[in-house]
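Please keep the sequence and the 3D view open while reading.

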Amino acid sequence: MTSDAHRATGAPEVAQARLEDALVAAVPAVAPLSPAAAAAMAQQARHSAPPVPLWLVVLDDVARVGAAGLAAAVACCVLALGAAHLAGSAAALDEEHEADAWLAAVLPAPAGTVPAPVGAGTVPGAVEHGLDGRFP
Amino acid sequence: MLVRRVQNGDDGAFTAIVTATNGPLLALAVRMMGSAADGHDVLQESYQKAWHGMARLRDPDVALPWLGRIVRNTAKDALRARKRRRTGQTRLEVEARAAPMSAAAPEPHVPAGLLEALRSVPEKFSVPLLLRVVDGLSAAEVAALLGIPVGTVESRTARGKRALAKAWRDR
């Protein structure tokens with residue numbers, strides 16, 4: 001727009017002014033709160049509960065359950081994370097095998113080769129390379 | 001002076017602070033959030049934080065920069081929360097909520113595509129540009145609100161104009 005206006009007027013400052021005018025026309029300015037609304041907002045702020053920092057909540061919890069309880073909680077978390085990791089790994093392996101099987105079934109075998117048997121771990125075209133068509 | 005009065009237990013002084021500062025702070029909140037409704041929510045939360053934290057403010061002269069920082073941090077938190085909420089929404093729902101900037105019908109002589117071009121300008125440049133050009137704040141006020149030097153406000157405003165002009169031309 002600046003360059004368009006510049007071409008039309010030959011003056012960059014006029015182009016800048018037009019750009020600013022267009023911007024002001026397109027985007028409404030933010031009107032400050034009325035005195036009554038400002039007073040209401042101040043009153044709400046005064047009556048709001050103080051924000052409690054997270055670290056204070058954690059410290060309070062630790063103080064209540066004690067060190068032994070905290071250690072037990074940490075141990076539970078570690079076990080839960082380990083179980084989740086193992087479950088995730090197993091699921092990922094299953095998905096990988098399913099993907100391999102799907103690819104083997106869908107991909108066309110290269111011309112002049114014996115189609116590899118459909119099943120997990122088969123590789124189309126592997127036979128012509130002296131392989132047995134299966135992943136090691 | 002007003003801050004000292006609040007710290008000394010004068011509740012009425014806080015109302016005076018809100019009255020004196022809500023204009024630029026609301027403009028900052030609205031420009032960062034992209035909508036008037038979200039801007040009001042951010043401002044409300046910011047004043048609550050300010051009320052509870054004002055006792056710790058040691059230098060009353062830096063009240064506006066301090067309040068500006070609270071608004072910026074509150075707005076950033078709100079934007080992050082909004083982003084998390086939107087991950088599960090459909091594109092139509094997201095676009096419907098992103099409409100506020102264009103919700104006010106542009107006047108007939110406003111070039112088509114200007115608002116879309118404005119959205120493509122990085123916030124780092126569009127916020128100072130809007131605060132300076134549209135909301136009419138001084139460079140010193142914008143500098144205080146954003147916590148940056150006055151020269152940086154001017155350069156970012158100029159870059160915002162150039163980016164807007166380019167986006168508009170290239171649209």
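Just after α8(B), G136(B) takes a positive phi of about 70 degrees; helices here are DSSP runs of H or I with at least four residues, strands are runs of E with at least two, and both are numbered from the N terminus. This is a predicted model, in which local features need pLDDT of at least 70 and side-chain atom pairs count only at pLDDT 80 or more, whereas totals for chains, interfaces and linings use all residues. Residues are numbered from 1 along each chain as its sequence is written, chains are lettered from A and ligands numbered from 1 in the order in which they are written, and side-chain values use heavy atoms, with hydrogens and water left out.

Helix α8 of chain B covers residues 123-134, and because 9 of its 12 residues are buried, it is largely enclosed by the rest of the structure. Buried means under 20% relative accessible area, exposed over 50%, and partly exposed in between, with a 1.4 Å probe and protein chains only. Among the buried residues of α8(B) are F125(B), S126(B), P128(B) and V134(B).

## D135(B) and its surroundings

D135(B) lies in the loop between α8 and α9 (139-146) of chain B, and with 16% relative accessibility this residue counts as buried. Its side chain is joined to that of R31(B) by a polar contact of 2.9 Å. A polar contact is a pair of N or O atoms within 3.5 Å; within protein, one must be able to donate a hydrogen and the other to accept it, and residues adjacent in sequence count only if both atoms are side-chain atoms.

Leaving aside neighbours within four places in sequence, D135(B) is in contact (heavy atoms within 4.5 Å) with A29(A) and V30(A) of chain A, and with A27(B), R31(B) and L130(B) of chain B.

## The interface of chains A and B

In total, 29 residues of chain A are in contact with 36 residues of chain B. The area buried between the two chains is about 2,900 Å², of which carbon and sulfur atoms give 72%; buried area is the accessible area (1.4 Å probe) that two parts lose on being put together, summed over both. L23(A), V30(A) and R46(A) supply 22% of the area that chain A buries against chain B, more than any other three residues.

Across this interface the rule finds 1 salt bridge, meaning a side-chain nitrogen of Lys or Arg within 4 Å of a carboxyl oxygen of Asp or Glu. E20(A) forms a salt bridge with K161(B), with the closest N and O atoms 2.4 Å apart. On the side of chain A that touches chain B, α1 (2-9), α2 (12-26) and α3 (35-46) of chain A each supply at least two residues, and the largest share, 8 residues, comes from α2(A).

Chain A has 4 helices and 0 strands, and buried residues make up 20% of its 136 residues. Of the contacts in chain A with a separation of 6 or more, 2% are between residues 24 or more positions apart.

Chain B comes to 10 helices and 0 strands, and 46% of its 171 residues count as buried. Of the contacts in chain B with a separation of 6 or more, 63% are between residues 24 or more positions apart.
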